[in-house]
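Colleague: Hi! Could you walk me through this fold when you have a minute?
Modeller: Happy to, let's look at it together.

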Amino acid sequence: EVLDKMGGGGGGPGGGGLLKTAFGAVQGYARACGVQARAAELRDAPSVMELNNLFRAEMGQWERDPAGVWAPPSYPELTLQQIEDIICEELQGNLIVLVREGESRQHRERAIGYLYSYLEPWGEGGEKSNRRCAARSQRPSAKEARAGDSIYIAELFVVASERGLGLGELLLTESLRLRCSTVSRSHLYVSSRNVSAVNCYLKFGFKRSAAPSGDKLHDLVMELRDSQKCIADAAHRLETRSASRALTPPHSTPPASPLSGYASSSSSRTSCSPSMSSNPPSPAASLIGSAAWSLSPPSLSRPD
């Protein structure tokens, strides 16, 4: 409900109808999967930190020098304090968590994914990005969005045991929906070697940009120029999946722990999460099939 209010209305002809349709599609598919997508709260910070550690461990494979030479990570793990600052100080909805409804009192909810995004100035071709130096206080809220602003998709991750359900697309659709009445563009950075990820974002509606990324490890800039059309298409896909899942038993994962299915939390780059096994997710599965493998954000300074 909070996220629905944040979405606003309008956004051009049919904008209000699109928001309602997309919201219904997101919530309907979330219910069909037994999950909930909501704005992160302070109680989610520890779980998000563990997810972020897993995310960074997986992304490390794309941050190696193409020649195989080890390179220091360009985007270190977020600390608990940084995550709490995002939740408390940034626009509500910048950080969305995906939680699975628990099957017992002991495990009522467990975080299984998240998406972190924010607005930043973005000129034609992406040459005005300030992602490396913008302080939180300089980032505009959705109500303050200016012409040329774009939604930067910084991190998108779903735990390996929950992939293949389309939950990454659900998160991405909801993130864009929240701001589509004021901002119609989005962008991200990814390694061109990560073909699976590139194909998934192309399927969603992102296009390759000719703009240089300024980062040889995350060398491909991808842009979305018309979020409303892509949200409408994604909403249709989610509605179709909801109808399909209504005919099949719900997804169930035994809640062994609040982070069941995760690799052991560790800041070590050598600790691999389940998706880095010898059997990686299928590139053709869905957006979430590559979300954790794909989105390798560039260096981002987060000043105190």
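Modeller: One term before we start: two strands pair if DSSP finds at least two bridges between them. Also keep in mind that this is a predicted model.

Colleague: Thanks! In which sense do E4 and E5 pair, and over how many bridges?
Modeller: Strand E4, residues 149-158, and strand E5, residues 186-190, pair in the parallel sense over 2 bridges. That count meets the cut-off, because at least two bridges are needed for a pair.

Colleague: Which residues are bridge partners there?
Modeller: Tyr152 has His187 of E5 as its bridge partner, and Ile151 has Ser186 of E5.

Colleague: What holds strands like these together in general?
Modeller: Strands of a sheet pair through backbone hydrogen bonds, and the sense can be parallel or antiparallel.

Colleague: What lies with E4 and E5 in the β-α-β unit?
Modeller: That is helix H5, residues 167-179; together with E4 and E5 it makes a right-handed β-α-β unit.

Colleague: And in which sense does E5 pair with E7?
Modeller: E5 and E7 are antiparallel, with 5 bridges. For example, Val190 has Leu220 in E7 as its bridge partner.

Colleague: Is E5 mostly covered or uncovered?
Modeller: Mostly covered: 5 of its 5 residues are buried. Ser186, Leu188 and Val190 point one way from the strand, while His187 and Tyr189 point the other way, and all are buried.

Colleague: Let's zoom out. What is the strand order in the sheet?
Modeller: The order is E1-E2-E3-E4-E5-E7-E6, in an open sheet of 7 strands with mixed pairing. Strand E1 (35-39) and strand E6 (207-208) are the edge strands, each pairing on one side only.

Colleague: Which strands do helices H3 and H6 lie across?
Modeller: Helix H3, residues 45-59, lies across strand E2 (95-101), strand E3 (109-121) and E4, and runs at about 75° to E3. Helix H6, residues 195-204, lies across E4, E5, E6 and strand E7 (220-224), and runs at about 15° to E7.

Colleague: Staying with H3, what about Ala45? Is Ala45 buried or exposed?
Modeller: Ala45, which is found in helix H3, is buried because its relative accessible area is 0%, and buried means under 20%. Not counting residues up to four places away in sequence, Ala45 touches Leu80, Ile83, Glu84 and Ile87.

Colleague: How many residues apart in sequence are Ala45 and Ile87?
Modeller: They are 42 residues apart in sequence, and 8.2 Å apart in space from C-alpha to C-alpha.

Colleague: New topic: where is Ser242, and why does Ser242 count as buried?
Modeller: Ser242 sits in helix H7, residues 227-245. Its relative accessibility is 16%, so it falls under the 20% cut-off. Leaving aside neighbours within four places in sequence, Ser242 is in contact with Gly28, Tyr29 and Ala32.

Colleague: Last one: what do the totals look like for the protein?
Modeller: The protein has 8 helices and 7 strands, and buried residues make up 55% of its 304 residues. Among contacts with a separation of 6 or more, 79% are between residues 24 or more positions apart. The accessible surface comes to about 12900 Å², and 54% of that belongs to carbon and sulfur atoms.

Conventions:
Residues numbered from 1 in each chain as written. Predicted model: local features only at pLDDT ≥ 70, side-chain atom pairs only at ≥ 80, totals over all residues. Heavy atoms only, no water. Helix = DSSP H or I, 4+ residues; strand = E, 2+ residues; numbered from the N terminus. Contact = heavy atoms within 4.5 Å. Axes fitted to C-alpha atoms, helices over the stretch in contact; angles between N-to-C directions. Buried < 20%, exposed > 50% of the residue type's maximum accessible area, 1.4 Å probe, protein only. Areas by Shrake-Rupley, 256 points an atom, 1.4 Å probe, with all protein chains shown as cover. Right-handed = clockwise from strand over helix to strand, strands pointing away.
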